[in-house]
Amino acid sequence: MILSVANKYEIQIGTISQANFDWLSSKNYAGWVLFADENTAELCLPRIEEFLPEDTPVIVVPEGELNKNLETCQDMWEDLFAAGVGRRWCAICLGGGVLEDMAGFVSSTYKRGIDFLQIPTTLLSMVDSSVGGKLGIDFNQVKNSIGVFNDPIAVWIDPVFLETLPLREIRSGYGEIIKHGLIADRDQWDKIKTITDLSTVDWETIIPSSVNIKREIVLEDPFEKGLRKALNFGHTIGHAIESYWLETDLRLFHGEAVAAGMIMESWLSTQLEALSSDELREITDYCLSMYGHQSIPEDSLPELLALMQQDKKNEDHRVNFTLLSAAGKARINATAEEELIVEAIR
Ligand code: NAD
Ligand code: ZN
């Protein structure tokens, strides 16, 4: 399946084959360079290696969010220079959201920008981060605070890469699939809520509809001036929860924190918007069945509120939420009083 993003680039969902690389060859780049992290170099690269010229430079970076920083970028830029990569080269970015955000950013700034191609290898990067042109790194302890908007030349999504992805990472990415249904597509949500076992999901059908929801939103609002904020549902409280436990043993994966955030923000939606109590129950039961219960200790509340205040999406110091007016319908730019937020978290 091919989805087009405003005639700028195409998202292919299906098996990556020689035909993909024939297309890339037809673009007559001076060369290709491949970025991977230590895991995708080992587990994903072998699946496409046969399509690459033997002398393709491969730049491997350490995995994980803690390495999504300027030091890693500096190493990547140095490796590009060392490999003799020029302006007419193309970078192939093979990895999850961390690698793709960072390799896309490095490519977009190297010699004022070389073309890059995204091959997402986690569920989260397939349905979310590889679409929409947001690239960047963490800086000054703030996630994604340095970066650019820039589009890849193509996105190739091949669900085969999920075969080696740990189940907990799959569950994390699945949080964004739930979110896409809840903010924009009632039918998709109705389908999703019947899924109980993530090891038996037919990703070939779920991924395209989820990617399409994100694609349609970013097409209408590429620079997050309005509608794109719908994608923040579950993320205002979710990000605070994710940051609070980030460097502890209780660390939650992104989608797990977002699932908790979706439950709490759905409750807020019943208080401030028209979400019904039946819909709230359905969302809560489903997220709890997939993600379990995370109890929030009373003494973490002040810090969680402070983290929400810091959220870069806030204007005029009020905590900004995307809520639901119904399952499948988002309402952006909602604000809530502190007491209500505390009640939602409890
Ligand atoms: P990730 O890139 O850290 O990948 C998770 C782990 O899985 C890593 O250890 C990675 O090495 C490993 N891995 C990747 N593919 C694998 C495979 N096929 N088999 C086995 N292991 C594999 O994390 P993620 O969840 O993909 O992405 C999270 C990042 O995405 C965050 O930094 C977040 O800010 C970013 N993000 C960006 C956007 C955007 O619009 N740009 C949207 C959402 C999230
Ligand atoms: Zn997210």
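In which kind of crossing, right-handed or left-handed, does helix 4 pass helix 5? The close-ups below start there. The model is predicted, so local features need pLDDT of at least 70 and side-chain atom pairs count only at pLDDT 80 or more, while totals for chains, interfaces and linings use all residues. Residues are numbered from 1 along each chain as its sequence is written, chains are lettered from A and ligands numbered from 1 in the order written, and side-chain values use heavy atoms, leaving out hydrogens and water.

**View 1. Helix 4 passes helix 5 in a right-handed crossing.** Right-handed here means the near helix is turned clockwise from the far one by less than a right angle. Helices are DSSP runs (H or I, at least four residues), numbered from the N terminus. Helix 4 (residues 70–82) packs on helix 5 (residues 97–109) at about 50 degrees, axes 10 Å apart. Axes are lines fitted to C-alpha atoms over the stretch in contact, with angles from 0 to 180 degrees between N-to-C directions.

**View 2. Side by side, Thr72, Cys73, Met76, Trp77 and Leu80 of helix 4 meet Met102, Ala103, Phe105, Val106 and Thr109 of helix 5.** Contact means heavy atoms within 4.5 Å.

**View 3. Glu176 (OE), His235 (NE2) and His254 (NE2) coordinate the zinc ion (ligand 2) at 1.9 to 2.1 Å.** Donors are N, O and S atoms within 2.8 Å of the metal (3.2 Å for Na, K and Ca); water is not among the atoms, so sites may look incomplete. Along the chain, the spacing reads E-x58-H-x18-H.

Technical notes:
Helices (H or I, at least four residues) and strands (E, at least two) are DSSP runs, numbered from the N terminus.
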